Amino acid sequence: MSAAAEKAPGEAKVIPIETAPSWTSPEGPGLADRLAGAVGGALSGQLGPAATRLFGKGWEGRATEGLAFLRRRITGDYEVDEFGFDRELTEEVLLSLLRPLAEKYFRITVEGIENIPSEGGALIVANHSGTVPLDALMTQVVIHDHHPHHRHLRMLAADLVFVLPGVNELARKAGHTLACNEDAQALLERGEVVGVWPEGFKGIGKPFSERYKLQRFGRGGFVSSALRARVPIVPCSIVGAEETYPMIGNVKTLARLLGLPYVPITPTFPWLGPLGVLPLPTKWTIRFGEPIATDGYPAEAADDPMLVFDLADEVRETIQHTLYQLLVQRRSVFF
């Protein structure tokens with residue numbers, strides 16, 4: 001599925017700001033051309049020296065790329081896949097907004113990134129925690145930024161994500177889809193890196209007293225998808241997310257009224273008002289473990305409940321053991 005018209009989009013043109021010519025039509029320049037031309041003319045004119053002082057050398061190239069991006073967004077000259085994944089928007093905007101949080105705020109240490117294959121499908125299975133699903137978003141950032149092939153993580157998300165206004169649209173644009181076996185298998189067979197957090201709301205909404213204790217992994221549907229697609233399962237252990245929003249209470253009555261899995265009480269929320277929404281600046285470690293191969297099993301293995309359960313339990317135990325190792329090695333929650 002393409003966001004552009006039936007006609008396949010051509011290559012994006014990089015147009016120097018100094019010239020900034022417009023695309024013309026029988027009716028004259030369109031909105032995108034007039035906007036790009038006006039901005040380009042202003043920056044290359046009297047505002048040029050001021051822009052250099054403000055943005056530093058090389059701002060012309062960055063501005064040219066930005067104007068080209070803006071033009072493509074306005075004219076629809078970009079593509080999305082059948083799941084709604086908008087690669088350009090994800091790389092240029094969404095990941096750029098999340099990257100400072102990963103690099104500067106949580107200062108994430110990434111280990112074992114080489115365990116994610118360079119090509120072909122793979123299933124990342126991780127622990128879930130922290131009241132707000134920042135761990136999933138940070139995992140998406142570090143896989144793209146630290147993997148030598150800058151692979152994109154296609155997350156399997158809960159139903160709630162796709163009924164929240166605004167969140168639904170952003171999740172689709174970022175390449176995520178409903179946590180169901182059909183979508184997971186389709187993405188894996190296409191060679192995508194798929195992420196799943198089997199604990200779901202049981203993990204992310206557990207009280208702080210149960211931190212780093214993995215909850216049930218459900219029925220192991222993620223294992224069935226990996227077996228059918230014959231892709232490796234990569235255990236992922238995340239330390240640091242548990243302490244971002246320590247959940248010390250849950251307003252269950254309000255949660256039922258709002259249709260939410262929980263309404264958390266933390267040491268800062270709701271006591272500090274809007275400031276209580278800020279996560280604590282904890283130090284994170286994300287470790288990707290040795291892949292568990294599935295291509296050696298017969299085709300009917302995905303329908304064997306005992307095998308599925310055993311593999312799911314193996315993944316869970318691997319993650320739990322790794323969490324204990326990382327906690328022993330950790331010097332401090334914040335440093």
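This is a predicted model: local features need pLDDT of at least 70, side-chain atom pairs count only at pLDDT 80 or more; totals for chains, interfaces and linings use all residues.
Residues are numbered from 1 along each chain as its sequence is written, and side-chain values use heavy atoms, with hydrogens and water left out.

View 1. Helices (H or I, at least four residues) and strands (E, at least two) are DSSP runs, numbered from the N terminus. Of the 335 residues, 45% count as buried (under 20% relative accessible area with a 1.4 Å probe, protein chains only; exposed is over 50%, partly exposed in between).

**View 2. Seven strands form an open sheet with mixed pairing.** Here is the order to follow: β1-β9-β6-β2-β5-β3-β4. Because β1 and β4 (177–178) stand at the edges with a single partner strand each, one side of each has no neighbour in the sheet. Strands pair if DSSP finds at least two bridges between them. Strand β3 (residues 153–157) runs parallel to β4, joined by two bridges, and L156 stands opposite T177.

**View 3. Strand β6 is covered on both faces.** Look for I233, P235, S237 and V239 on one side, and V234, C236 and I238 on the other, all buried. Four bridges join β6 to β2 in parallel, with I124 opposite V234. Four bridges also join β6 to β9, this time antiparallel; there, I238 has I286 as its bridge partner.

**View 4. Helix α11 covers residues 305–329.** At 1.5 Å a residue (times one less than the number of residues), its 25 residues should span 36 Å, which agrees with end C-alpha atoms 36 Å apart. Among its buried residues are L307, L311, V315 and L326, and their cover includes β1 (109–111), β2 (122–126) and α9 (221–229). At the helix start, a side-chain oxygen of D304 comes within 3.1 Å of the backbone nitrogen of M306.

**View 5. T90 sits in helix α4 (residues 87–105).** T90 counts as buried because its relative accessibility is 0%. Leaving aside residues up to four places away in sequence, T90 touches F85, L95, Q140, H152, K173 and A174 (contact means heavy atoms within 4.5 Å).

Conventions:
A polar contact is a pair of N or O atoms within 3.5 Å; within protein, one must be able to donate a hydrogen and the other to accept it, and residues adjacent in sequence count only if both atoms are side-chain atoms.
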